[in-house]
Amino acid sequence: MADNLPSEFDVIVIGTGLPESIIAAACSRSGQRVLHVDSRSYYGGNWASFSFSGLLSWLKEYQENSDIVNESPAWQEQILENEEAIALSRKDKTIQHVEVFCYASQDLHEDVEEAGALQKNHAAVTSANSTEAADSACLPTEDESLSTASCERPAEQTPSSDAESALEVNDAEATGEKENHCDDKTCVPSTSEEETGENVPTVEDTAEQPKKNRITYAQIIKEGRRFNIDLVSKLLYSRGLLIDLLIKSNVSRYAEFKNITRILAFREGRVEQVPCSRADVFNSKQLTMVEKRMLMKFLTFCMEYEEHPDEYKAYEEITFSEYLKTQKLTPNLQYFVLHSIAMTSETASSTIDGLKATKNFLHCLGRYGNTPFLFPLYGQGELPQCFCRMCAVFGGIYCLRHSVQCLVVDKESRKCKAIIDQFGQRIISKHFLVEDSYFSENTCSHVRYRQISRAVLITDRSVLKTDSDQQISILTVPAEEPGTFAVRVIELCSSTMTCMKGTYLVHLTCTSSKTAREDLEPVVQKLFTPYTETEIENEEVEKPRLLWALYFNMRDSSDISRSSYNDLPSNVYVCSGPDCSLGSDNAVKQAETLFHQICPNEDFCPPPPNPEDIILDGDSVQPEASESSAIPEANSETPRESANLGNPEEPSE
């Protein structure tokens, strides 16, 4: 396909992360000719989601990542006398300090294949270390059975994109009993019906094992396609910019969401549920009647704090934490508001920051459920793909595994005029959007990046056990030492389509002060206990057991001034990677700003036209010939508990 690419476009986008995908969709929707390329083999860049084997393959790529030389015919020869080239990086340096630990039993007597995996090039790297807890293995090849079968785009795991046109919010608690239905409806297309049914009896199939809760590494490998593991851990505020954009642009038809069911707090060594809605507050057994009244009064004030400036003006110079101490709130309530509702820093957030964050939290309550947050089924990696799909519907051209050697700049005008790709083809364009990680060290020599510390854990049960095992929770663990940061913990159950039944997928995130493991391991030790054979004997272990853990640092390229990059032409725009915040507002703001620079008078991602309203050059209406006809019909088999996101003012109870 690359040999047949057109030689001229209006916009070339390099990288398929969320900001780039939104811009590509917006430009394509406004009539621009868009080429969207990525040197990786999957969509999303650092916003991607992977199956378990896909994640291991991704880790292996980073382990083997070295500078790729002689990738193309000498592109330097194509640079004319009146031109100069900005070489792009051939190595992704955004991920560092990768460490993998496997605690689940690894006694693999034979090669274990992932259910439904492609039978190509199956060379499994057998375990070199069969101890129960891996000794500081820097990468999985030292202590894990790697299946190289799937590092394909996560879209393999997104049949709902093809099958459903209404974006739905599923009530996570209601899906507990309907899990079988969910799996049948939304399972991986390359997995057969028989394999789909396997998800439930996997544990029962191994009835000979002594304890029902025992989960082995072989099971995780076999059920690897049940996992959709995000590189970046975020949630969507139900009244945030991203939800508004999904609804406005009608991209919402390509995905489904679940409501986060619980807000948790970690206090005095215990995990507790935080009451945040009016119903939660009055039903709470951990608050006294006096505390309930105090909390409701304070939350009511926060909703309309801007109308009562006299009540907070005197406290503007102090931190939100200090401000809470001046209010009539018990230490218990102060802790809940600071860490679980406002989710702000104890030392760095001002009173205004805290009041704004609290108001935003409360404003988002009740739109789709009992908490302010939504999570996309199959993981965050769905969102870039949804916008890529919109771009393609309106004529955008996509090329994965397609690297760009350089940007060609005209010396006189100082404008970028073309790219030269890995095949030596010169492709002309008016505007160029480049994700930060594609720039070489020469271009970024003055850029100072922050880092994000990330951990991904697979555990055997929830951090706070309740009657339902289908809980989706967010928990903030405050910083304990000066110079460190609060750790955000998001725990996903199997009904989010991100992990196999009987397990939970736990994401930990914080701003880095050291390596990811040094930052996050203390929190992991507080909340979980390593899974060992001796623990299996005792069924009543207090903490959830840790089966598998991955730590890594990711570059945070957000909020970097354009002037920090060396000699960028004015028609080359920089898109940042993921930031450390909980929501994706930064990506949407960035995309809208850059879109208006490229198309100043155009609407940003308007809804697609109704096929019935499209009139072609003839007099007759031919909706089937229109581009919008590529959008599928609504699936009549949507579960009863689903609520259409297009009618947000009808909250699900």
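So, at what angle do the axes of helix H10 and helix H13 cross? Hold that thought while I set things up.

What we have here is a predicted model, where local features need pLDDT of at least 70 and side-chain atom pairs count only at pLDDT 80 or more, while totals for chains, interfaces and linings use all residues. Residues are numbered from 1 along each chain as its sequence is written, and side-chain values use heavy atoms, with hydrogens and water left out.

Okay, the whole chain. The protein chain holds 17 helices and 25 strands; those are DSSP runs numbered from the N terminus, with helices (H or I) of at least four residues and strands (E) of at least two. Of its 653 residues, 59% count as buried, and buried means under 20% relative accessible area with a 1.4 Å probe, protein chains only. If you take contacts (heavy atoms within 4.5 Å) between residues at least 6 apart in sequence, 76% of them join residues at least 24 apart.

Back to my opening question. The axes of H10 (residues 289-303) and H13 (residues 351-364) cross at roughly 100° and come within 8 Å. Those axes are lines fitted to C-alpha atoms over the stretch in contact, with angles running from 0 to 180 degrees between N-to-C directions. So H10 is roughly perpendicular to H13, a label for angles of 65 to 115 degrees. Who does the touching? On the H10 side you have Leu299, Phe301, Cys302 and Met303, and on the H13 side Leu355, Thr358, Lys359, Leu362 and His363. They split into six nonpolar, two polar and one charged. Here Ala, Val, Leu, Ile, Met, Phe, Trp, Tyr, Cys and Pro are nonpolar, Asp, Glu, Lys and Arg are charged, and the others, Gly among them, are polar.

Next, helix H1, residues 18-29. From first C-alpha to last, H1 reaches 16 Å, close to the 16 Å expected for its twelve residues at 1.5 Å a residue; the expected span is 1.5 Å times one less than the number of residues. Twelve of its twelve residues are buried, including Glu20 and Arg29. After H1 comes Gly31, with a positive phi near 100°.

Last stop: Pro569, in the loop between strand E23 (545-556) and strand E24 (572-575). Is Pro569 buried or exposed? Buried, because its relative accessible area is 3%. Leaving out residues up to four places away in sequence, Pro569 touches Ile86, Val409, Arg414, Lys415, Cys416 and Arg562. Cys416 sits 153 residues away along the chain, yet the two C-alpha atoms are separated by 6.0 Å.

Methods: Parallel < 35°, antiparallel > 145°, perpendicular 65-115°, else oblique. Buried < 20%, exposed > 50% of the residue type's maximum accessible area, 1.4 Å probe, protein only.
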